Amino acid sequence: MIEEEKLTAREEKVSPLKLNSVQYVVALLLVVLLAGLWRLQVVSADNYRVLAEQNRVRKVPIMAPRGKIFDREGRLLVDNYASISCYLLREPARDWDADLPMIAQGLHMTVDQIQYVLRRYQFAPKYQPIPLKQDLSPDEVAFIEAHRNELPELETLDEQRRLYPNGGFAAHLIGYVGEISENDLNKEKYAFYQAGDVVGKSGVEATYDAVLRGTDGSRDVVVDSRGREVGQLGQQDPVPGKDLRLSIDLDVQMAAEKAMEGKTGAIVAMDPHTGEILAMVSRPTYDPNQFAVRLTKEYWNKILNDPDHPMMNKTIQAQLAPGSTFKIIMSYAGLEEGVAQDMHVNCAGGGTFFGHFFACDKHHGGVDIYHAIPWSCDTFYYTLAERLQIDTIAKYATAVGISQKTGIDLPDEATGTMPSTAWKLKNFHDKWYAGEVISVGIGQGAVQASPIQLARALSGLASGGALKRPHVILEGQISQQYQQAILDTYPGGGDKQVSLKTENWQIITDAMAETLNSGTAAASHLEGVDFAGKTGTAQVMSHAALARSGGGHKTVPNAWFVGMTPRRNPDVVVAVLWENGDWGANAAKLGAQVVNTFVEKQRKKAGNLMKVAEAPKSATPLENAAKKEQPVTN
């Protein structure tokens with residue numbers, strides 16, 4: 001009885017405040033639990049529903065095929081072929097390390113190669129599959145299919161791969177595609193691209209990548225808890241890339257390729273009326289098919305260490321002394337300045353200027369402007385350069401595009417060099433010395449130009465001063481907005497008109513025609529064709545350096561030729577660079593092959609023959625006699 005009274009007293013000692021506090025805590029916990037339940041089931045319901053869907057629905061990309069590339073007449077140059085690639089899926093998450101040896105063996109890779117790929121994509125979004133290997137062989141596809149249960153992270157994907165012409169045909173013009181690099185992903189141009197995307201790397205493939213690549217599609221597939229496909233929900237079809245027709249003529253291109261076979265250098269053929277490139281060849285070349293899947297280290301090292309630089313597009317990137325082809329620009333400057341018309345020079349095998357003797361390859365005797373071009377008399381142009389001086393020469397040379405990009409729609413065009421007093425002061429912090437102009441007069445010294453620059457400049461002068469921007473696709477295939485973007489991306493001389501008096505135009509073009517009739521390129525004369533041009537032989541080193549070198553093929557002069565038909569307002573111009581090809585007459589023979597192919601094709605189309613313009617008449621009997629006596633080879 002006493003114990004019960006004590007227990008009752010102890011219970012009565014629990015205060016109402018403590019009891020209320022406990023009740024409040026319990027109530028607060030219930031509120032928190034209810035709030036969490038509300039957040040999970042109501043507020044975040046949609047988010048978790050999406051996550052749940054993603055656990056069972058996988059989005060598989062469907063790659064858009066790149067647009068095909070054709071020549072101007074619709075003949076196929078670049079196609080696609082069906083290929084299967086292997087991708088590694090990072091959902092559902094699992095430990096891949098134990099699977100790597102089996103995967104490496106089945107895909108004919110090494111574990112180190114796979115780990116390198118995984119490290120490269122470690123910061124890519126988790127939903128993005130990792131490309132492990134492209135262009136699988138049938139046994140590799142069979143391995144993946146046979147191990148679906150053990151290796152659910154492996155997935156195959158049908159893709160279209162580039163198929164380029166064999167032998168590096170037109171490789172520098174067309175370019176190649178490859179997997180986008182980490183450096184590219186940091187550029188604004190590739191802001192909407194992802195690691196693993198295949199993009200154009202050079203040539204037309206790079207310039208018109210946005211047109212050629214198309215838009216990828218996808219399909220939504222249902223997968224089970226192990227990541228295996230068990231159904232399909234829907235599909236968004238890809239949009240194929242747009243086909244492109246290039247301006248090149250396959251027949252002319254083949255003739256240029258054949259002409260340059262086994263040689264080092266470049267040939268470019270252009271329509272001076274429009275600027276359309278009809279052929280473009282650079283040698284040595286490379287195989288773009290090697291880049292279309294995954295470039296091997298062995299092949300990359302081979303072309304990278306080649307001293308003749310097969311990756312260089314020499315038609316737009318070679319910057320070399322143009323030699324005597326520059327004499328056409330010198331003639332233009334001299335005639336427009338009113339200096340060359342009445343200039344007569346006695347060539348005794350060279351001349352002394354500023355206390356130094358400068359040699360000519362022949363004793364030409366009496367020479368005027370009418371014979372200076374076909375005979376390619378150095379003494380005449382030494383004298384002309386002395387009278388014009390460097391800044392006047394530079395004014396006319398830059399007017400026709402020397403030391404400027406042409407604006408051709410291909411990546412990495414070179415600028416070239418045209419020296420002047422301002423140029424030397426800026427680049428060497430030194431004054432221009434008068435004697436330096438003598439070598440400039442024959443296209444040597446600091447003058448540097450590319451074949452495309454010479455083709456545009458000389459064909460522009462043969463067209464009465466109308467210079468066109470070269471381009472490699474036919475007009476009307478891309479939007480005006482995209483066309484403007486191309487012009488902004490590849491700035492240059494573009495279309496322009498330079499001043500050229502009619503009588504000077506006739507003198508220059510008639511003399512260039514005489515070059516092919518009885519001048520330095522007479523061996524390349526085409527019967528029944530109004531073929532005009534200019535040869536050039538450019539030393540690759542000074543006489544002193546040549547004496548020290550001990551000779552060898554690499555010391556042989558570069559051979560140049562720029563030719564066109566007809567002589568005035570030509571339909572085609574061909575520029576040839578044959579590195580270490582010796583005399584310019586050798587390059588003229590290559591150019592003649594290309595021009596002859598063009599002419600024969602036009603004759604078959606039109607069913608007529610081109611008229612032959614009359615050769616220029618010599619001013620005096622003495623000049624006629626001198627002309628017959630001169631063996632010319634420059």
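Predicted model: local features only at pLDDT ≥ 70, side-chain atom pairs only at ≥ 80, totals over all residues.

Biologist: Which residues in α11 and α25 meet?

Modeller: From α11 you've got Asp-251, Val-252, Ala-255, Ala-256 and Ala-259. On the α25 side they meet Leu-590, Gln-593, Val-594, Thr-597, Phe-598 and Lys-601. Sorted by class, that contact has 7 nonpolar, 2 polar and 2 charged residues.

Biologist: Let's move on to α15. What's the angle between α15 and α23?

Modeller: α15 and helix α23 (residues 502-517) pack at about 150°, with their axes 10 Å apart. The cut-off for roughly antiparallel is over 145 degrees, so α15 and α23 are roughly antiparallel to each other. This crossing is right-handed.

Biologist: And which residues make that contact?

Modeller: α15 brings Ile-328, Ser-331, Tyr-332, Leu-335 and Glu-336, while α23 brings Asn-504, Ile-507, Ile-508 and Met-512. The contact of α15 with α23 divides into 6 nonpolar residues, 2 polar and 1 charged.

Biologist: Now for α21. At what angle do α15 and α21 cross?

Modeller: Roughly 45°, and the axes of α15 (residues 327-336) and α21 (residues 451-462) come within 10 Å. That angle makes α15 and α21 oblique to each other. α15 passes α21 in a left-handed crossing.

Biologist: Who's touching whom there?

Modeller: Ile-328, Ile-329 and Tyr-332 of α15 make the contact with Ala-457, Leu-458 and Leu-461 of α21. By class, there are 6 nonpolar residues in the contact of α15 with α21, and no polar or charged ones.

Biologist: Changing topic: how many cavities of 30 Å³ or more are there?

Modeller: The count comes to 4. The largest cavity has a volume of about 270 Å³.

Biologist: Which residues are closest to the centre of that largest cavity?

Modeller: Met-63, Ala-64, Arg-66, Gln-160 and Val-198 are the closest, out of 18 residues that line the largest cavity. The elements giving two or more residues to that lining are β3 (76-88) and β5 (154-163).

Biologist: Which element gives the most?

Modeller: That's β5, with 4 residues in the lining of the largest cavity.

Biologist: What classes of residue does the lining have?

Modeller: The lining of the largest cavity has 7 nonpolar, 4 polar and 7 charged residues.

Biologist: Where is Pro-566 found?

Modeller: In the loop between β20 (558-565) and β21 (572-578).

Biologist: And what about phi of Phe-354?

Modeller: Phi of Phe-354 is near 55°, a positive value in a residue other than glycine. Phe-354 lies in the loop between β14 (350-353) and β15 (356-359).

How values were computed: Residues numbered from 1 in each chain as written. Heavy atoms only, no water. Axes fitted to C-alpha atoms, helices over the stretch in contact; angles between N-to-C directions. Parallel < 35°, antiparallel > 145°, perpendicular 65-115°, else oblique. Left-handed = near helix turned anticlockwise from the far one by under 90°. Contact = heavy atoms within 4.5 Å. Nonpolar A, V, L, I, M, F, W, Y, C, P; charged D, E, K, R; others polar. 1 Å grid on protein atoms, 1.4 Å probe; cavity = no way out; pocket = protein on both sides within 12 Å on 5 of 7 lines; lining within 4 Å. Points joined across faces, edges and corners; volume = space filled by probe spheres on them.
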